[in-house]
Amino acid sequence: MNLHPNTKHGHSTAGKVSPTYSSWQRMKDRCLNPKHVAYSRYGGAGVQVCERWLSFPNFLADMGDRPQGSSLGRIGDVGNYEPGNCEWQTDKEQAKRGEAQNKAKLTEEQVLCIRALHTPFRNGLVHPHNIAADLGMDPSTVYRIVQRKIWAHI
C-alpha cells in the first residue's frame, strides 16, 4: 500500500483513509461520541472500546487490514470492542446476527405495532426506515416483519 506521507496514522492513499482506519474511527464514534446516531445502542448502552484500541496502530496490529466486503463486528454482538471479542464479518454475517438479535428482542405486541404503522389502510403510511429509526433497529428487519418473512406466525 502506498501510504500518504502527511497523515499522522500513515494509513491512507492519495489523501483517502483506508477501509481499516475508517472502521476503527466508526467504532470509536459509536462508543465515544454522544452525538453519533448509533451512540445510544453502543456507548450509551455501555459498550466500550478497550484502552489499547484507542490507538490505531494497536488496533491494526490486533485486527490486521480489513478484508474487502467486511466490517468490524463483535462476536455475538455482545461485550466490548477489544482483542479476542472482534472479527471482520461479511455484511451477510452481520445482517443475520442483527436479524436474530432484533427478533429475540421484539415482543408480539411490538411486531403487531410495526405492521399496524405500515399498513396501507392507515391514513399516512409510516415508512419502514422511520419505524426502524424510532425503534433503533435495522430497516431490513422492519421490511421482513411487514412482508411476514419473519414473525409470520402472528
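## Fold

The protein has 6 helices and 4 strands. These are DSSP runs, numbered from the N terminus: helices are H or I with at least four residues, strands are E with at least two. Along the sequence the pattern reads β-β-α-α-β-β-α-α-α-α.

## Model and confidence

This is a predicted model, in which local features need pLDDT of at least 70, side-chain atom pairs count only at pLDDT 80 or more, and totals for chains, interfaces and linings use all residues. Residues are numbered from 1 along each chain as its sequence is written, and side-chain values use heavy atoms, without hydrogens and water.

The average pLDDT (the predictor's confidence in each residue, from 0 to 100) is 79, and 79% of the residues score at least 70. Confidence is highest in helix H2 (residues 56-63), with a mean of 96, and lowest in strand E1 (residues 12-13), at 56. The pLDDT is below 50 over residues 1-7. Where pLDDT is low, the predicted coordinates should not be read in detail.

## Nonpolar cores

A nonpolar core is a set of buried Ala, Val, Leu, Ile, Met, Phe, Trp, Tyr and Cys residues joined through side-chain atoms within 4.5 Å. Buried means under 20% relative accessible area (1.4 Å probe, protein chains only). Of the 154 residues, 33% are buried.

The largest core has 17 residues; Met27, Trp53, Phe59, Met63, Leu72 and Tyr81 have the most contacts inside it. Helix H1 (19-32), H2 and strand E4 (86-90) each supply at least two of its residues. H1 gives the largest share, 4 residues. A second, separate core of 11 residues includes Ile114, Met137, Ile145 and Ile154.

Notes: Contact means heavy atoms within 4.5 Å. Buried means under 20% relative accessible area, exposed over 50%, partly exposed in between (1.4 Å probe, protein chains only).
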